[in-house]
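I opened this entry to look up a few side chains and their surroundings, and I note each term with its cut-off as I go.

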Amino acid sequence: HYYLQTNPHPPASASKLVDRSDGSVYGQQHKKFHQSFVEVTNRYKLQELYLVAANGLNVVYSSHKTPVFATSLQQGACADTELASVVKKVLKAPKAGWQVSAPAPFRGYVEQQVLFLAAPVFNSLAGSEQPIGALVLQLPVTALTALINQQQQWPQIGLGETGDSYLVSANQRLLTSLRAELADAADFAKQYPTLKAKANHYGLAGQLTLDSAEVKAALGGQS
């Protein structure tokens with residue numbers, strides 16, 4: 001309630017609230033760690049950093065106070081998402097360490113394509129091997145697009161004037177953006193109206209199935 005409904009900052013800047021000065025244990029811990037968590041998200045271009053309690057799978061902390069905060073991944077609106085799935089995997093097999101989700105549209109972030117990286121959290125004073133929760137990082141798939149095309153510098157990575165590189169999921173779904181779409185969105189829409197019709201607000205990533213021989217060969221382990 002304090003960090004959402006009565007937050008004095010607009011939703012896009014909700015992370016600016018550091019101290020509610022309410023004297024609670026939660027408030028004191030939030031004041032102590034919040035700015036460091038926000039700095040981590042900014043430095044590594046993450047969208048969110050969550051802390052999820054093992055008991056009830058409640059999202060007890062969110063760096064940017066998005067709608068996922070203070071909900072349950074066990075029975076809330078995000079219970080059937082990749083976020084809930086990766087948290088359950090981490091809590092079930094904590095010795096496996098970091099787990100990475102499959103990229104997928106996330107309703108907790110307006111259906112943007114994201115992936116989650118999760119790790120178990122332990123209480124060193126409890127002397128138990130069971131995690132008390134999970135730390136989760138939310139990364140936009142657009143960050144992968146920027147990585148594989150070197151910030152749209154295609155010629156510098158040997159792709160010349162027309163070559164492209166993109167990621168495709170095991171079910172042949174396009175995960176990252178296409179060069180033609182990024183280079184000139186208006187021209188792309190004009191040349192490929194059928195493809196443009198498949199795009200959502202974020203583009204074709206996650207919306208297009210690539211049913212080509214080349215993609216099938218690559219997924220089959222052939223170069």
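I began with Lys-65, whose side chain is joined to that of His-30 by a polar contact of 3.0 Å (a pair of N or O atoms within 3.5 Å, where within protein one must be able to donate a hydrogen and the other to accept it, and residues adjacent in sequence count only if both atoms are side-chain atoms). I noted that this is a predicted model, in which local features need pLDDT of at least 70 and side-chain atom pairs 80 or more, while totals for chains, interfaces and linings use all residues. Residues are numbered from 1 along each chain as its sequence is written, and side-chain values use heavy atoms, without hydrogens and water.

I placed Lys-65 in the loop between strand S2 (59-62) and H2 (helices, H or I, of at least four residues and strands, E, of at least two are DSSP runs numbered from the N terminus). Lys-65 is buried (under 20% relative accessible area, with a 1.4 Å probe and protein chains only). Lys-65 has no salt bridge, and Glu-48, the nearest side chain of opposite charge, is 7.1 Å away (a salt bridge needs a side-chain nitrogen of Lys or Arg within 4 Å of a carboxyl oxygen of Asp or Glu; Lys and Arg count as positive, Asp and Glu as negative, and His and the chain ends are not counted).

I then turned to Phe-188, which lies in helix H5 (residues 185-191) and is buried, with a relative accessible area of 4%. The C-alpha atoms of Phe-188 and Val-136 are separated by 36 Å.

Conventions:
Buried means under 20% relative accessible area, exposed over 50%, partly exposed in between (1.4 Å probe, protein chains only).
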